[in-house]
Protein chains: 2
Amino acid sequence: MIIVKVGGSEGIDYDSVCDDVATLVAEGQRLILVHGGSSLTNEVATALGHPPQFITSPSGYTSRFTDRRTLEIFEMVYCGQMNKSIVEKLQARGVNAVGLSGIDGGIWRGKRKDAVRSIDENGKKRIIRGNYTGTVDEVNTDLLNLLLDAGYLPVLTPPAISHDNEAINVDGDRASRATAVAFGAEALIILSNIPGLMADFPDEGSLIKEIPKDKIDEYKQHAEGRMRIKLLGAQEALNQGVSRVVLGDARRQNPVRDALAGMGTVIS
Amino acid sequence: MIIVKVGGSEGIDYDSVCDDVATLVAEGQRLILVHGGSSLTNEVATALGHPPQFITSPSGYTSRFTDRRTLEIFEMVYCGQMNKSIVEKLQARGVNAVGLSGIDGGIWRGKRKDAVRSIDENGKKRIIRGNYTGTVDEVNTDLLNLLLDAGYLPVLTPPAISHDNEAINVDGDRASRATAVAFGAEALIILSNIPGLMADFPDEGSLIKEIPKDKIDEYKQHAEGRMRIKLLGAQEALNQGVSRVVLGDARRQNPVRDALAGMGTVIS
């Protein structure tokens with residue numbers, strides 16, 4: 001089993017991703033596709049008069065604040081336009097794709113984080129409630145296996161659903177990781193609009209091609225921001241039974257097959 | 001098996017629909033829920049600067065023109081916000097709902113009608129291409145039975161997918177009918193924001209409570225517009241093996257159970 005996650009940033013070539021997925025599925029590869037949609041969500045939210053809101057935590061980490069209206073817009077773009085467009089592309093390539101969110105059949109369940117801590121520009125700290133985000137801690141592999149065994153390809157997208165049955169926005173990389181761990185996947189391929197981990201971001205010539213599992217801690221010291229998070233995530237996945245994590249580039253042809261062949265950053 | 005279709009017009013009480021569906025599922029009733037979302041789609045399309053376009057056919061029938069952008073907005077609302085909101089409500093009521101469009105797994109396949117004929121206010125006729133609508137002629141009952149047998153409740157919504165693998169907008173009532181026929185359903189319940197067929201529309205006191213199958217032709221003469229279409233649809237469903245069609249009211253409590261108990265217009 002391999003889990004392929006393709007991000008939602010600008011520049012991603014979904015046609016090429018679907019070409020590759022179709023080739024792999026035709027070869028008999030058991031596969032689940034996960035996708036994002038953040039860039040388009042920001043556009044739609046702004047057009048609908050509810051632009052993205054960001055908060056800074058006291059430790060300095062900036063993240064999106066997801067109120068209920070933001071969650072609805074998120075569902076429109078991720079589960080509506082993006083998910084159905086990808087399913088349509090796969091159907092056109094002969095893949096009997098089935099698009100699902102983490103809410104459907106409780107595919108991704110987790111804990112909601114209703115209250116988040118923030119700090120404003122004057123250093124004033126406060127607690128903001130009404131947040132609809134969380135993290136996945138349960139994956140319904142039964143439903144996914146049911147579909148895979150019957151010849152369908154699951155195409156998954158956030159949101160997930162909380163243990164109290166509320167839709168919650170979850171990080172797509174983390175949800176993909178939880179899915180890869182639940183299946184003990186042989187590979188977790190995370191594709192975005194950069195070539196992989198770079199020693200000197202954003203210099204693409206500084207791509208780090210390989211990170212052995214026992215050297216991750218050394219690399220972590222040099223990584224910052226999302227890079228560091230991806231590295232921590234890869235380490236967690238490997239520690240929990242995933243054989244290989246590849247961070248690859250989705251702005252080009254053959255993005256999935258190239259990542260499987262070792263292009264990008266291979267962590268194993 | 002019963003197929004419950006709930007429309008997308010203003011005034012519909014989705015919480016009550018979900019309450020009833022949960023009760024019926026708990027009692028062991030095999031059921032598929034289908035929903036619309038037209039009212040919210042018009043709102044969102046207007047907010048996004050792409051308001052609904054309507055065309056009048058030479059025979060005087062007005063319908064929505066669905067270009068590709070309209071289809072995307074349609075997917076956002078139907079497959080995104082509406083579908084996931086209903087699945088979330090059902091999950092909260094203990095029903096393991098799975099939300100799918102007709103594109104997913106090719107659940108609803110049909111013929112696309114690319115070109116539509118229109119007539120303008122000066123009586124000038126023309127052919128407009130680039131239309132993404134069609135009609136369902138194949139239902140993937142295998143996938144639906146797979147989910148039902150495993151304890152999941154399918155929650156279906158347009159669009160469907162064409163035989164050439166393009167997403168196509170389809171009439172929700174007709175897609176529900178195709179589904180009911182494919183299953184030889186014992187009942188097709190069509191809920192909207194009116195009490196049923198009215199002899200003297202919009203006088204709700206003129207509700208027609210029962211139409212025997214062999215009297216449909218008589219009633220058809222008095223019916224107009226959407227009413228006539230619903231009646232033709234009911235006739236077609238009965239002729240193709242559905243035991244009973246009920247047109248019921250979704251603005252109230254117990255909308256599904258009341259329709260099953262004979263409230264509304266029962267055609268059988």
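How many of the five residues of strand 15 (residues 245-249) of chain A are buried? The answer is given in point 4, after the overall features of the model.

1. Basis of the note. The model is predicted; local features need pLDDT of at least 70, side-chain atom pairs count only at pLDDT 80 or more, and totals for chains, interfaces and linings use all residues. Residues are numbered from 1 along each chain as its sequence is written, while chains are lettered from A and ligands numbered from 1 in the order in which they are written.

2. Overall form of chain A. The secondary structure of chain A comprises eight helices and 16 strands; helices (H or I, at least four residues) and strands (E, at least two) are DSSP runs, numbered from the N terminus. Chain A has a radius of gyration of 18 Å, close to the 18 Å that the globule rule gives for 268 residues, so it is as compact as a globular protein of that length. That radius is taken over C-alpha atoms, and the rule is 2.2 Å times the number of residues to the power 0.38. Along the principal axes, the C-alpha atoms of chain A fill a box of roughly 55 × 40 × 35 Å. Of the 268 residues in chain A, 51% are buried. A residue counts as buried if 20 or more other C-beta atoms lie within 10 Å of its own, as exposed if 12 or fewer do, and as partly exposed in between, with C-beta atoms placed from the backbone. Among the contacts in chain A with a separation of 6 or more, 74% involve residues 24 or more positions apart; two residues are in contact if their C-beta atoms, placed from the backbone, lie within 7 Å.

3. Relation of the two chains. Chain B is superposed on chain A by a rotation of 180° with 0.0 Å of shift along its axis (RMSD 0.0 Å). That is the relation of a two-fold axis. The same surface serves both copies, since 100% of the contact residues of chain B recur in chain A. The superposition is by least squares on the C-alpha atoms of residues with pLDDT of at least 70 in both copies. Chain B and chain A each contribute 29 residues to the contact. On the side of chain B that touches chain A, helix 3 (68-92) and strand 5 (97-101) of chain B are the elements that give two or more residues. Helix 3 of chain B gives the most, with 12 residues. By class, this side of chain B has 15 nonpolar, nine polar and five charged residues. Here Ala, Val, Leu, Ile, Met, Phe, Trp, Tyr, Cys and Pro count as nonpolar, Asp, Glu, Lys and Arg as charged, and the others, Gly among them, as polar.

4. Strand 15 of chain A. Five of the five residues of strand 15 of chain A are buried. Both faces are covered, with V245(A), L247(A) and D249(A) on one side and V246(A) and G248(A) on the other. Strand 13 (residues 187-192) of chain A runs parallel to strand 15 of chain A and is joined to it by five bridges; L188(A) has V245(A) as its bridge partner. Strand 16 (residues 265-267) of chain A pairs with strand 15 of chain A in the antiparallel sense over three bridges, and T265(A) is the bridge partner of L247(A). Two strands are taken to pair if DSSP finds at least two bridges between them.

5. The eight-stranded sheet of chain B. In chain B, eight strands form an open sheet of mixed pairing, in the order 5-10-2-1-13-15-16-14. Strand 5 and strand 14 (210-211) of chain B stand at the edges, each with a single partner strand, so one side of each is left without a neighbour in the sheet. Strand 14 of chain B pairs with strand 16 (residues 265-267) of chain B in the parallel sense over two bridges, and E210(B) stands opposite V266(B).

6. Helix 2 of chain A. Within helix 2 (residues 38-47) of chain A, T41(A), V44(A) and A45(A) are buried. They cover an arc of only 100° around the axis, which puts them on the same side of helix 2 of chain A; the arc is that of the directions from the helix axis to the C-beta atoms. The buried residues of this helix pack against helix 3 (68-92) of chain A.
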